[in-house]
Amino acid sequence: MKELGDVREAIENDPHPSSAAPSLSATGQPAADFKGQMSWAIFEWARDPYVIIVTIYIFAPYFSNTVVGDPVRGQAIWGNINSIAGFIIACFGPILGAIADTGGRRKPWLIGFVSVMVPAMFALWWALPGGEGLGIYQIAALFIVISVAFSFTEVFHNSMLPAVAPHERIGFLSGLALALANAGALLILCFMLYAFMLPGHVNWSFIPDKALFGLDVSTHENSRISGPITAVWLFVFTLPLLFFTPDVKPTRKINKVRAVVDGMRRVVKTVRQVKHYRNVATYLIARMFFNDGQTAVLIFGGVYAAGVFKWDALTLTIYGIILSIFAVGGGFFGGWLDDKFGSKRAILTSIGGTSIGIVLAVSMTPTSMLFFIPYDPASPPIWDLPFFRTTPELAYLIVVLVVAICITAAYANSRTMLARIAPASKMSEFFGLYALSGTATAFMGPLLVGMATLYFNSQRAGFASILILMIIGLGLMAFVKETRAEAID
């Protein structure tokens, strides 16, 4: 329990004794207590394992390689799914954020979107290859619904952060939430490895002879179960946020229809006032590019590894476990960077590290390392274990560990940056625009990867094209200042 005590002390103790109001949140209202702050962070533990397990390591490669049956076509379909979801989010994200600012409370929206996500995630169990069960377009529709609802929960959850934590602890709590998210995914992946992936592959005494609960590995139930598991996980661990984290109090009573109308007007007004919010706008545009690059890395990371190195479900699960361990550290690393050096420098460090990692990652193939060092695929395996048996695979794994740390840190740093520079009275509205900046060009990453993949007939070239978005975002961040904007009417 010492670790929990350390977290409690870090949250409750103000590291700046000279602070005039250490118990106040960044919005000027009383901050949540320890339980409330921890419950806010635990929502990431509840929500993000879906992304890590389903859309990165387990289900997405299964969908691309097995359900679709062609890695190139599967990668293109996967890109289209994310492009459609991104368009919907781009249209409605800012409006929902403005509605939250106008109408006040965030929890009812979170309950609504989680209620949509849980059954849709569970339904992925019926995604079977060969046209059985759900068809490709039905699976695509489920992913679009989940992706849209997931992003909208992000708008309302992120907009609660400035009201939950003291200003001095925003970076820490944001990083803690991302660390918990990866820790939750790590636990699920370890369970899946023990229960569904390793049985039948190794003769270790502590591993079951067959997959638990009667799962049939031959019909890919060990991959399909990822949907129901993350659905139940989301439902259970959303409850602490609903019970223990105080909601933002509405500033005035207003009916829902009026809230929608006023919310839309506020978005239009904010866009028209972009000249006044030029610094925030520059940041959101920069994030639009580097976040799209990060998202593309996540969307195609598992698909790329499965296609280039021919990794199976077992290898991808172990790959996900190892990366999740380091991603947990990335959340804390991002929080430390933010509190120590400021959000801007933290973002530059995180995005720069991700960019270098992408270059090194695509330099590894089954027949070469660092572009020019040849490797003979017929060389004896490094060990007898049924995964990561070649030197290029291990080298690739080491590189992506750095990428995992940097991406997790960048996510934590990004929302903290907005919490520090956006007007306090329009926080949800700007987090709606924040969601827009993360999705307005969401089609660009998948489109870029898909076009490069098809043009060069190479998954490697397609994955490398993500670097273009990262460099643009990094360059624009040089013009952003870490100062809070003043709201205007």
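Biologist: About how many helical turns separate Trp233 and Phe237 in helix H10?
Modeller: This is a predicted model in which local features need pLDDT of at least 70, side-chain atom pairs count only at pLDDT 80 or more, and totals for chains, interfaces and linings use all residues. Residues are numbered from 1 along each chain as its sequence is written, and side-chain values use heavy atoms, without hydrogens or water. Helices (H or I, at least four residues) and strands (E, at least two) are DSSP runs numbered from the N terminus. Because Trp233 and Phe237 are 4 residues apart in helix H10, their separation is about one helical turn.

Biologist: Is Trp233 buried or exposed?
Modeller: Buried means under 20% relative accessible area and exposed over 50%, with partly exposed in between (1.4 Å probe, protein chains only). Phe237 has 25% and is therefore partly exposed. Trp233 has 16% relative accessibility, so this residue counts as buried.

Biologist: How many residues apart in sequence are the parts that Trp109 and Phe156 tie together?
Modeller: Rings of Phe, Tyr and Trp (its six-membered ring) pair if their centres lie within 6.5 Å; planes under 30 degrees apart count as stacked, over 60 as edge-to-face and the rest as tilted. The structure holds 27 such pairs. Trp109 and Phe156 are stacked, with 5.2 Å centre to centre and 5 degrees between the planes. Since Trp109 lies in helix H6 (residues 107-122) and Phe156 in helix H7 (residues 136-164), the pair ties together parts separated in sequence by 47 residues.

Biologist: Which class of ring pair do Trp233 and Phe237 form?
Modeller: A pair of aromatic rings is described by the distance of the centres and the angle of the planes. For Trp233 and Phe237 the centres are 4.6 Å apart and the planes are at 50 degrees, so the pair is tilted.

Biologist: Which residues does Leu418 contact, leaving aside neighbours within four places in sequence?
Modeller: Contact means heavy atoms within 4.5 Å. With those neighbours left aside, Leu418 is in contact with Val280, Tyr283, Leu284, Met427, Phe430, Phe431 and Tyr434.
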